[in-house]
Each structure stands twice: as structure tokens, then as C-alpha cells.
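User: Hi! I'm new to reading protein structures. Could you walk me through this one?

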Amino acid sequence: MTSTISAYTDKIKEMSMLSLLCSCFYTQPHPNSLYQYGDLEVKGLNKRMSGQSFEVVLKNSDNSGDKSQPQPLVSPPRKEMSLEELQKRLEAAEERRKLHEALVLKQLAEKREHVQEVLHKAREENNIFSKKTEEKLIQKMEVNKENREAHLNALKQRLREKEVHAAEVRRNKERQADLSG
């Protein structure tokens with residue numbers, strides 16, 4: 001209900017004041033013919049949610065009869081086709097179908113080749129990436145190995161220094177024991 005009221009208020013806002021006053025005084029419906037030219041008439045139909053729709057009416061061009069009644073359009077009669085003509089048309093259609101099929105197959109083959117090229121390039125790039133990653137890993141492992149060896153050598157050096165120091169302390173204790181005793 002509120003959507004209907006809001007639609008009416010929007011419509012009234014769109015209308016000019018003169019149109020609004022005229023619609024109050026003149027209550028007869030407006031003819032829905034939008035355009036007339038010779039034997040052609042365009043009529044607006046009820047608006048729909050999808051937009052506005054039109055009807056195009058072609059009138060009979062001769063002066064006899066009632067012009068207000070639209071005349072139905074009649075298609076010209078088809079000529080009878082012989083069996084040979086039908087056979088030729090079928091053969092031509094079959095030829096067009098075969099050409100179209102060949103074209104589609106060619107396009108598919110080209111696309112397949114392109115996909116294979118892209119896959120080949122992707123594999124190559126993946127192999128290159130894997131090799132680079134493996135080289136970096138090996139390099140890091142070598143650096144880590146060198147660091148571990150350097151750390152072990154430093155620990156061994158400190159151990160030797162402590163052993164030398166311990167040996168000095170023992171000798172000093174033995175000297176003191178010999179001197180005092």
C-alpha cells in the first residue's frame with residue numbers, strides 16, 4: 001500500500017501543474033495513440049515492470065473500407081519447391097555444416113596447441129624455479145654446515161684452553177704442595 005502511495009506521489013511530482021489541473025477538469029482518458037503517419041499508427045500499451053511497450057498498427061492503404069480497423073498482414077504465398085531444389089538446398093546446408101565443423105575443429109586444434117605451449121612453458125618455469133630453490137637450499141645447508149663446523153672448532157679451542165689452564169692449575173698446586181711440605 002505504501003509503495004502505491006509513494007508511486008502516486010512521485011507521479012504527481014513529475015507532472016506539471018497545468019497537467020495536474022487539466023486532469024482534474026478533463027476526466028476522459030487520453031487516447032493512447034502516440035504517433036500517426038499515413039497508414040502507420042504507434043500506440044502505447046500499459047506500462048510494465050520491465051518498461052514501456054508499444055503496438056505498431058499498419059492500416060490498409062486503399063481508401064475503401066474502415067480505416068480505424070487495422071488489417072492483418074498477410075505473407076505472400078510460397079512457391080512450391082521441386083524435389084531437386086530441396087535436394088540442392090539440403091546438400092548446400094550439409095556443405096555449410098561440414099565447413100563450419102571443420103572450422104570449429106581447426107579452432108579447437110589451435111587452442112589445444114596453445115594450451116600445450118602454455119603448459120610446456122609452465123613446466124619449464126616450474127623446473128627452473130625448483131632448481132633455483134634446490135640450489136638455494138643446498139647453499140643454505142653448506143653455510144649452516146660451515147657455521148656448525150666453525151662453532152665446533154671454537155668449542156674445541158675453548159676446551160683445549162680450559163685443559164691447558166687446568167693443567168697449569170694442577171702444576172701450581174703440586175709446586176705449592178712440594179714447597180709447603
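User: Which residue forms a salt bridge with Arg97, and how far apart are the closest N and O atoms?
Analyst: That's Glu101, whose salt bridge with Arg97 has its closest N and O atoms 2.7 Å apart. A salt bridge here is a side-chain nitrogen of Lys or Arg within 4 Å of a carboxyl oxygen of Asp or Glu. This is a predicted model, in which local features need pLDDT of at least 70 and side-chain atom pairs count only at pLDDT 80 or more, while totals for chains, interfaces and linings use all residues. Residues are numbered from 1 along each chain as its sequence is written, and side-chain values use heavy atoms, leaving out hydrogens and water.

User: Why can side chains pair up like that?
Analyst: Side chains of opposite charge can pair when their charged atoms come close. Here, Glu101 and Arg97 are 4 residues apart in helix H3, so about one helical turn separates them.

User: How many salt bridges are there in the structure?
Analyst: There are 2. Another one joins the side chains of Arg97 and Glu94, at 2.4 Å from N to O. Arg97 and Glu94 sit 3 residues apart in helix H3 (residues 83–180), so they too are about one helical turn from each other.

User: OK, new topic. What does the protein look like along the sequence?
Analyst: The pattern reads α-α-β-β-β-α, with 3 helices and 3 strands. Helices (H or I, at least four residues) and strands (E, at least two) are DSSP runs, numbered from the N terminus.

User: How much of the protein is buried?
Analyst: Of its 181 residues, 3% count as buried.

User: Can you pick a strand residue, and say what Val56 touches?
Analyst: Val56 lies in strand S3 (residues 54–58). Leaving aside residues up to four places away in sequence, Val56 touches Leu40, Glu41 and Val42; contact means heavy atoms within 4.5 Å. The C-alpha atoms of Val56 and Glu41 are 5.8 Å apart, although these residues are 15 residues apart along the chain. Val56 is exposed, at 57% relative accessible area.

User: Which residues in the protein make a nonpolar surface patch?
Analyst: Met81, Leu83 and Leu86 make one of about 280 Å². Leu83 belongs to helix H3 and is exposed, with a relative accessible area of 69%. Patches are made of residues with over 30% relative accessible area and no salt bridge, joining like charges within 9 Å and nonpolar side chains (Val, Leu, Ile, Met, Phe, Trp, Tyr) within 5 Å. Accessible areas come from the Shrake-Rupley method with a 1.4 Å probe; for residues, only the protein chains shown count as cover.

User: Last one: where is confidence lowest and where is it highest?
Analyst: Confidence is lowest in helix H2 (residues 17–25), with a mean of 56, and highest in H3, at 94. The average pLDDT, the predictor's confidence in each residue from 0 to 100, is 80 for the protein, and 65% of the residues score at least 70. Where pLDDT is low, the predicted coordinates should not be read in detail.

Key: Buried < 20%, exposed > 50% of the residue type's maximum accessible area, 1.4 Å probe, protein only.
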